[in-house]
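The exercises below go with the structure shown next. Try each task before reading its solution.

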Amino acid sequence: MHHGQIVETGRYLPDHIVLNSDLENIVDTSDEWIYSRTGIKERRIAVDETVAEMAIKAVNQIIKKRSLDPLTIDLIVTATVTSEYSTPSTSCIIQGAIGADHAFCFDLQAGCSGFVYGLDVVDQFIRTGKVKKALVLGVEKLSQIVNWEDRSTCVLFGDGAGAVLVEATESQDEGILVVQSKSIGESWDKLYSPIRHNDTPFYKQSLEPFIKMDGREVFTFTCTKVPQLIDELMVEVNIKKEKIDVFVLHQANKRIIERIAKQMKVPIEKFYMNMERFGNMSSATIPIALDELNERGNLIGKTIAISGFGAGLTYSAAIIKF
Ligand code: ACO
């Protein structure tokens, strides 16, 4: 039976860099507070780019690196919480731009878990035989849903796009060995962002269209559920933690990753981290990290555990052999 394998990666990061010291001029904060609480030093802000434009640039990297014929793509799934349009999907805009005329396309919204959810969905389509080649993206322009007057959230986020090409493989020794997605809807209000609406002649918009977060609750949820899920998946595919070469977790916060590493009794050096340079880019963090690893030759031959967690609350994980 076929299952999915990530065969190529791509990313796009806007040029505009915003340092912690720049934020000191916007809200009452300090580089010391931000770095010690989160591990973040700087983030990119998409001053000139839309979500779709960032996505297309990440996908074009894959097309170029792989000499990929877009007509061979069967499916495009974009995970995002910051699409410019309620409809159509960003995936359809990407399809039109690259000429992937044979693909069917939709977006997926699962907060910061979105990219791994996307891999889960695509892997299922590949297992049924409906899809042989798919693009999965995580793309975010969080700067447009952040309240730039709220120091407790605006210092955390950044913009960027990551993409992977997933193909069907029959090899039992490689590919997405296992992937799992989970949700805890009763805690939806721990992390949310209302949509920006216009007032109507009949009623007025009452919700502020900004990210709201109970940081402590999210911290506790993540440090409990993520290690549990990764442990379950390792048992399912009979792989010991010593055999995982790299753990790529959603880059929300360095302290979360340090806590999880300690709980799992895995050396922190095995956890890839780039939040120092990019901040938290929600669904884009994992595919961007995978592309950085790929660029350095650190994917091929490796066994990698990935895990997303965020609004929903949602969490998800996969073990992939490259
Ligand atoms: N600069 C300076 N002071 C600040 C800032 C800031 N940017 N933000 C908050 N503070 C102040 C608060 O006002 C508060 O002051 P007070 O004690 O006088 O009231 C104090 O710092 C402590 O605030 P807390 O919110 O309790 O700070 P905490 O230590 O919990 O750290 C953080 C906040 C980093 C968000 C933490 O809760 C955390 O790591 N949460 C995990 C969730 C997370 O990272 N979410 C990211 C997005 S969600 C996701 O991707 C899944």
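The model is predicted.

**Exercise 1. Describe the hairpin formed by strand 12 and strand 13.**

Solution. Start with the turn: three residues lie between strand 12 and strand 13, and Gly 312 in this turn has a positive phi of about 145 degrees. Next, take the pairing. Strand 12 is joined to strand 13 (residues 314–321) by eight bridges, and the two run antiparallel. One example is Gly 308, whose bridge partner in strand 13 is Ser 316.

**Exercise 2. State in which sense strand 11 and strand 12 pair, and over how many bridges.**

Solution. Strand 11 (residues 246–249) pairs with strand 12 in the parallel sense, over four bridges. Within strand 12, Ile 306 is the bridge partner of Val 248.

**Exercise 3. Trace the salt bridges of Lys 65 to Glu 8 and to Asp 291.**

Solution. First, Glu 8 and Lys 65 form a salt bridge in which the closest N and O atoms are 3.7 Å apart. This pair links distant parts of the chain, with Glu 8 in strand 1 (residues 3–12) and Lys 65 in helix 3 (residues 51–66), 57 residues apart. Second, Asp 291 forms a salt bridge with Lys 65, with 3.2 Å between the closest N and O atoms. Here Asp 291 belongs to helix 10 (residues 285–295), 226 residues from Lys 65.

Now compare cover. Buried means under 20% relative accessible area, so Glu 8 at 11% is buried, and Asp 291 at 1% is buried too. Lys 65, at 44%, is partly exposed.

**Exercise 4. Locate the residues of the positive patch on the surface.**

Solution. The patch gathers Arg 37, Arg 216, Arg 255, Arg 259 and Lys 262. Helix 8 (residues 254–264) supplies the largest share, three residues. Arg 37 lies in helix 2 (residues 31–38) and counts as partly exposed because its relative accessibility is 34%.

Technical notes. Residues numbered from 1 in each chain as written. Predicted model: local features only at pLDDT ≥ 70, side-chain atom pairs only at ≥ 80, totals over all residues. Heavy atoms only, no water. Patch = residues over 30% accessible without salt bridge, like charges linked within 9 Å, V, L, I, M, F, W, Y side chains within 5 Å. Areas by Shrake-Rupley, 256 points an atom, 1.4 Å probe, with all protein chains shown as cover. Salt bridge = Lys/Arg side-chain N within 4 Å of Asp/Glu carboxyl O. Lys, Arg positive; Asp, Glu negative; His and termini not counted. Charge placed at Lys NZ, Arg CZ, Asp CG, Glu CD. Buried < 20%, exposed > 50% of the residue type's maximum accessible area, 1.4 Å probe, protein only. Pairing = 2+ DSSP bridges.
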